Amino acid sequence: MDKILYDLMDWAGIEEIVYSEAAEPGRLLGPHLVEQGLLIQAFIPHVSEISVRLAGGKEFPMEQQDEAGFYAVLIPRKTMVSYTFQVTYETGVTAELHDPYSFASRYTEAELKKFAAGIYYDVYKKMGAHPAKIGGVSGVSFSVWAPCAMRVSVVGDFCQWDGRRYQMNRLGDSGVFELFIPGLEAGTLYKFEIKNQKGEPMLKADPYANYSQLRPDTASVVWDMGHFDWSDSAWMEQREKTDTKKKPLSIYELHLGSWIRRQAETDENGRAVTGSEFYNYREIAPRLASYVKEMGYTHVELMPVMEHPLDASWGYQVTGYYAPTSRYGTPDDFMYFMNYMHEQGIGVILDWVPAHFPRDAYGLACFDGTCVYEHKDPRQGSHPHWGTLIYNYGRPQVTNFLIANALYWAKEFHADGIRMDAVASMLYLDYGKNDGEWVANIYGGHENLEAVEFLKHLNSVFKKQTKGAVLIAEESTAWPQITGDVKDNGLGFDYKWNMGWMNDFTGYMQCDPYFRCHHYGELTFSMLYAYSENFILVFSHDEVVHGKASMLCKMPGETYEAKSDNLRAAYGFMYGHPGKKLLFMGQEFAQISEWNENEELPWQILEYPVHKNMQDYVKALNRLYAAQPALYEKDFHPDGFEWINCISGKDNMVSFLRRTDRKEETLLFVCNFAPVEHEKFQVGVPFFGKYKEIFNSDDKAYGGSGKGNRRVKTSQQEEADGRKHSIVIDVPPMSVIIFSCTPETEPKKAAVKKGAAKTAPVKKAAEKEPEEKKTVYARKRSSH
């Protein structure tokens, strides 16, 4: 061995590399200018000989410094030069390889500082695996954050999963490891092999991977995110100009894997072919768009499409936050899905889970041998009921991971909204925990102050960087100002699911009509807080699983027809109540069974009138909703709603108005939640005019009795419900009927002739008349 070369060797460093414990292998490997010339070192196991070929073609054989595969050569020159390795493996195979350690870092110091501060919002463009060309050499740039790792390597088929081969360079004290591997391309399987401080190697999927293997396999897959050609610019431009709060927002919530589903294929041994039961994103898109348009929905909301290992989690236990699940195709396939929906005029909201993550060994849990993403203390870092781990929102790099992820789906996949799951579990340190199972905040309270700051940070950044996309909170407590402005100490969400309304109203509807009078408050209570937040009224997937029954089977009634009468009334009231709307798949056609993620929706039951009628009814509701500004323009302003009567508990009836600033757009709702018809029923109206029934849930077309009001009603100057004017209508049993309200000039009262006698007693009688009439109407109502 050449003595000069021998003296240049860092034998301790070589041993560190050979034993795969090098946090900074680039300190030795690759080209280094020294006083004696250009020193090039390489660690490539299982080779018989290796040489360096310079750009000009001259070759220099390398000397073996360690029998494990460490080689070095000293080239007599004073400048850097591009080169390749000419390698002959022990098998006799030869190859020309670019040196991974000859490429400079792709990170700037400013980017690493932003990441450390939690404000590197497009970190996903560097983190993970990205096909790139550096100095004319194609390959893949890998990087990962593992702050307490002894060593991190990229492994895959390209190196026989040998963690010694591609040890990554640690970038200062940032905790970021990086390596560019020439010759790799999109489609390459890989993982990170992380050796913890105990010297134990662990195989981890890439937290920032854009694509993953189909479960049960867990490797990450290199993907080029820049190839898809978007054509939804018209939708995106219009979205930016649209205030969704003043527009119809009717959301169809669905699970892609069970909305439609194939019969699984079998192999030659009769075993099911993994993944063959799923349709591709590209196959689902046209069928879903056609159906949603036909039904009149404005948006779809997808239960999580982020990669997850367990089908039964429905996607809510995520391991691949940056990867659309491979169950339904590739990232490009999902881009096609999003693009197609937009071209068809349909918005797409994605469920997202920043509250917790699963303990799968290949995922985020104990990522580098320490608690990187979660808290170390289980009282802070675990959900005892869910068996999952809680993010450490006080760590800037963790919140950066999550904030960048929300932006990623909005920017890279053009998502129109993010619905954030389980926000309540983030806000409260004692959520789902008993005494002794949680740690109070610095003030002794149970509020998770770090999570609060994270949510404010996320919402403020999201609004600035996405144009027209919305953030929706699934939050089930009375935490104030969920949708309040961050500047006013609110959390900054655009919308909040109205879980209180859903629980109360479902509870009311589940009662037998005979007993509903005792639960009348559950029907009306929501209006006491309706304007405290920007609410979305929901009948979501959570309401039709785990023994809760489908929406149809929650309803009382001895027959499905009777249950359908109740359900139509429920949906009609929902569309009249202030707030945007959401309905889970299958409930629009009165699915009988609970939702099962392993089965396709029972589309075949649409052959039966009770289900087809319900589907037609929901379709008609959506059409009405979109056509009537009163149903959406002032959802979040008290002027948009007014009770006519909310004190008829014994009759199970309410009546109310929906309004805009234009008087002629006013709608009158009369809701009867009892199977009792009310003929010649007097209802107070807001002004003198004509009142036309434009919608009736009891229409024969929807499976009802067909009772209603075919003729236009002209209001009379007879007081009812505290109003000067009223109309007399027929109210069908178990129904919601809606009237358009057209104002007209009120006819002048006949002038009283001068000298007419006893005018004063007439006025007094008129003053008493409402009370007398109220008594009559009360008797009339109770008689029915």
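This is a predicted model: local features need pLDDT of at least 70, side-chain atom pairs count only at pLDDT 80 or more; totals for chains, interfaces and linings use all residues.
Two packed helices are described by the angle between their axes and the distance between the axes. Here, the axes of helix α12 (residues 499-510) and helix α16 (residues 560-576) come within 11 Å and cross at roughly 150°. Angles over 145 degrees count as roughly antiparallel, and α12 and α16 are therefore roughly antiparallel to each other. Their crossing is right-handed. On the α12 side, the contact is made by Trp501, Phe505 and Met509, which meet Asn566, Ala570, Phe573 and Met574 of α16. Of the residues in this contact, six are nonpolar, one is polar and none is charged.

Charged residues come into view with the salt bridges. Side chains of opposite charge can pair when their charged atoms come close. The model holds 34 salt bridges. In one of them, Glu111 pairs with Lys126, with the closest N and O atoms 2.8 Å apart. Glu111 lies in helix α3 (residues 109-117) and Lys126 in the loop between α3 and β9 (128-134), so the pair ties together parts that are 15 residues apart in sequence. Both Glu111 and Lys126 are buried.

Lys580 and Asp635 also form a salt bridge, at 3.1 Å from N to O. This pair links distant parts of the chain, 55 residues apart: Lys580 sits in strand β29 (residues 580-584), and Asp635 in the loop between α17 (609-627) and β30 (641-648). Lys580 is buried, with a relative accessible area of 0%, and Asp635 counts as buried at 1%.

Finally, a network of salt bridges links Arg215, Arg261, Glu277, Glu307, Asp311 and Arg327.

Technical notes
Residues are numbered from 1 along each chain as its sequence is written. Side-chain values use heavy atoms; hydrogens and water are left out. Axes are lines fitted to C-alpha atoms, for helices over the stretch in contact, and angles run from 0 to 180 degrees between N-to-C directions. Helices (H or I, at least four residues) and strands (E, at least two) are DSSP runs, numbered from the N terminus. Angles under 35 degrees count as roughly parallel, over 145 as roughly antiparallel, 65 to 115 as roughly perpendicular and the rest as oblique. A crossing is left-handed if the near helix is turned anticlockwise from the far one by less than a right angle, and right-handed if clockwise. Contact means heavy atoms within 4.5 Å. Ala, Val, Leu, Ile, Met, Phe, Trp, Tyr, Cys and Pro count as nonpolar, Asp, Glu, Lys and Arg as charged, and the others, Gly among them, as polar. A salt bridge is a side-chain nitrogen of Lys or Arg within 4 Å of a carboxyl oxygen of Asp or Glu. Buried means under 20% relative accessible area, exposed over 50%, partly exposed in between (1.4 Å probe, protein chains only).
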